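Morning, everyone. I have one structure to go through today, and I will start with a term we need.

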Amino acid sequence: MVEEFDLLEEVEVQFCDEECTESVWHGVNYSESLFCREKPKSELTVVIREEGMMYFLTADIKEFAGLCRKHGWYIVSHQRFSEAMEIGMCLMEAGKHAGWYSLGRSKEWNAMMRDVLNFTFEREKKMDFYPYETMFKGEVLIDGCRCHYLHDYYPTKIEKTDAHQKRVSNLIFRFKEGGHCGELVARILALCLKHAGFNGTKEDTVLIPIPASTRERQRKRFPVVCYYLSEWLGITDGFKAIWIEEDREQLKGKGKDKDILRNLQFTRRYIRGKNVVLLDDVLTTGESFRQLQRKMKQLGALSVIGVFLGKTV
Ligand SMILES: O=P(O)(O)OC[C@H]1O[C@@H](O)[C@H](O)[C@@H]1O
């Protein structure tokens, strides 16, 4: 599309300093840093939150989708805002940028676009069904293995008064049921893992889900997330590394008879000589992870880490 007017580029952004002890404001070269692979040409305003959400108003959604692909950002939703503009939200790595970028007709126009975004999304945020943070909340060590989790999880028996807790439960329940949120979960975890890093190289890293209790649950829950997450990180999809020989009852808690391995068969070639990333929805006592990570090491894994959507509070 040929623009009939010159576009004014403005930026204001907050970066963390290297130790992340203090935030500083920069304007210079931010657009180069944000749009480091390609710069926008059409009208665009973005507002970026430190937690990894970027809200946008664009005159050319195709161009913006192309920029997102190039930079590894994920468009969660967008819709028509006016005849000329689309409005929406995408996810990016958390903790790198916070601020805004405008490429628009004038100072006043740019400011208005930012106001629209701030207003719309502050309001929408209250209505969000899922949480969209793209940084792990915390890490625990189990048998010396790093286990990253995205959110504190308040189990069903606790009444959730806090909107964020409800969003976390929505994400975990929908993920357990399978379906559309597998892709969203994969994108969120990909961004988190890029930030946190994993052991070894992409080539020798494999993603393996901690098996559900039945084949049906396993089939609903994991194939989509394993496919996308491994593809986006460039690591091996190890969905087929573990085979459920027969269904078992759900094993809650830490009971001394809890044996999550007894109905499982392992395909060694996925595991031997690999750095394994074990994935599950929730970490509660850590017993499932503990047993599986030991088994992985017996089968020749070089290292094991865990990645979880929630850690039970
Ligand atoms: O073994 P711990 O950590 O106690 O419990 C976690 C397991 O309990 C289930 O709800 C989860 O899906 C996960 O597999």
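A pocket, in this talk, is an open set of grid points where a 1.4 Å probe fits, with protein on both sides within 12 Å along at least five of seven lines, and a lining residue has an atom within 4 Å of one of those points. The model is predicted, so keep that in mind.

With that term in hand, take the second largest pocket. Its volume is about 320 Å³. It has 15 lining residues, and those nearest its centre are S77, Q79, F121, E124 and D128. Strand β5, residues 74–80, gives the largest share of this lining, 4 residues. β6 and α3 also supply at least two each. By class, the lining has 8 nonpolar, 5 polar and 2 charged residues.

Now the largest pocket, at about 790 Å³. Of its 33 lining residues, K176, Q250, L251, K252 and T284 are the closest to the centre. Two or more residues come from each of α4, α6, β14, α8 and β15. Among these, β14 has the largest share, with 4 residues. The classes here are 12 nonpolar, 9 polar and 12 charged.

Next, the sheet. In what order do the strands of the open sheet sit? The order is β8-β9-β15-β14-β10-β11, with mixed pairing. The edges are β8 and β11, each pairing on one side only. β10 and β11 run parallel and are joined by 2 bridges. In one of them, L207 has D237 of β11 as its partner.

Last, helix α8, residues 287–298, lies across β8, β9, β10, β14 and β15. Its angle to β15 is about 165°.

How values were computed. Residues numbered from 1 in each chain as written. Predicted model: local features only at pLDDT ≥ 70, side-chain atom pairs only at ≥ 80, totals over all residues. Heavy atoms only, no water. Pairing = 2+ DSSP bridges. Contact = heavy atoms within 4.5 Å. Axes fitted to C-alpha atoms, helices over the stretch in contact; angles between N-to-C directions. 1 Å grid on protein atoms, 1.4 Å probe; cavity = no way out; pocket = protein on both sides within 12 Å on 5 of 7 lines; lining within 4 Å. Points joined across faces, edges and corners; volume = space filled by probe spheres on them. Nonpolar A, V, L, I, M, F, W, Y, C, P; charged D, E, K, R; others polar.
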